[in-house]
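Here are my notes on this model, in the order in which I would go through them. Have the viewer open while you read.

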Amino acid sequence: MKKKERHQLLKQLVQQETIQKQENFVGILKERGIEVTQATISRDIKEMQLIKVPSQSGGYQYSVPPEMNYNISKKLSRLMKDAFVSIDTQKEFVQIKTLPGNAFALGALIETANYEEVFACISGDNSVLIICRSENQAETLQRRMISFV
């Protein structure tokens, strides 16, 4: 299982179940046929910035931080409307130009959205280079990004 898929699954688990320890994640994933170590889960928790909050049954449970529960599409749409300059594709690459100082936030939102077309993003001050998994997916992503403008 890829890291992005595992992170999506962990996020679902946190939202649907009471998970109090890292070992709970390991056990649930093992029940689903996914072998993962506690060390990997520990890294995932740190990368996903999961937090512990009081649980209704006493003790604490993992949760997604409140600022991570925002509507990504709404933020992408707002940022694209405010800062978009141009977009272009070449084979499996999509380049989005923004007003200076906006590309890093745009790249972070695109990565957070976990679009299946996206392999990776590289952000600078006014440009985001998105590496897609295929030429067709680059064209699909370009249409998706243009729809936000």
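1. Let's start with Leu 129, which is partly exposed at a relative accessible area of 30% (buried means under 20%, exposed over 50%, and partly exposed in between, with a 1.4 Å probe and protein chains only). Leu 129 sits in strand β6, residues 127–132. Helices (H or I, at least four residues) and strands (E, at least two) are DSSP runs numbered from the N terminus.

2. Before going on, some housekeeping. This is a predicted model, so local features need pLDDT of at least 70 and side-chain atom pairs count only at pLDDT 80 or more, while totals for chains, interfaces and linings use all residues. Residues are numbered from 1 along each chain as its sequence is written, and side-chain values use heavy atoms, leaving out hydrogens and water.

3. Leu 129 also belongs to a nonpolar surface patch with Phe 93 and Ile 122, and together the three have about 240 Å² of accessible area. Patch members have over 30% relative accessible area and no salt bridge, with like charges joined within 9 Å and nonpolar side chains (Val, Leu, Ile, Met, Phe, Trp, Tyr) within 5 Å. A salt bridge here is a side-chain nitrogen of Lys or Arg within 4 Å of a carboxyl oxygen of Asp or Glu. The areas come from Shrake-Rupley with a 1.4 Å probe, and for residues only the protein chains shown count as cover.

4. Now the overall picture. The chain has six helices and six strands, running α-α-α-β-β-α-β-β-α-β-β-α from the N terminus on. The C-alpha trace spans about 50 × 30 × 20 Å along its principal axes. Of the 149 residues, 36% count as buried, and the accessible surface comes to about 9,000 Å², with 48% of that belonging to carbon and sulfur atoms. Among contacts (heavy atoms within 4.5 Å) between residues at least 6 apart in sequence, 50% join residues at least 24 apart.

5. Which residues of helix α5 are buried? In this helix, residues 103–113, they are Ala 103, Leu 106, Gly 107, Leu 109 and Ile 110. These residues are on the same side of α5, because they cover an arc of only 160 degrees around the axis (taken from the directions from the helix axis to the C-beta atoms).

6. Helix α4 has its own buried set: Ile 72, Leu 76, Ser 77, Leu 79, Met 80 and Ala 83. Their cover includes β3 (84–90), β4, α5 and α6. As a geometry check, the end C-alpha atoms of α4 are 16 Å apart, which agrees with the 16 Å that its 12 residues should span at 1.5 Å a residue (the expected span is 1.5 Å times one less than the number of residues).

7. Two backbone spots to look at. Most residues other than glycine have a negative phi. Gln 49 is not a glycine, yet has a positive phi of about 55 degrees; this residue is in the loop between α3 (38–48) and β1 (51–54) and is partly exposed at 46% relative accessible area. Asn 114 lies in the loop between α5 and β5 and counts as partly exposed at 26%.

8. Beyond neighbours within four places in sequence, Arg 6 contacts Met 1, Val 36, Thr 40 and Asp 44. Met 1, in the segment before α1, is exposed at 51%. Leaving out residues up to four places away, Met 1 touches Arg 6, Leu 9 and Ile 34. Met 1 and Glu 35 are 34 residues apart in sequence, but their C-alpha atoms are 9.0 Å apart in space.

9. Last one: is Gln 61 buried or exposed? Gln 61, in strand β2 (residues 60–63), is buried, with a relative accessible area of 16%. Not counting residues up to four places away, its contacts are Thr 18, Ile 19, Gln 20, Ile 51, Lys 52, Val 53 and Ser 55.
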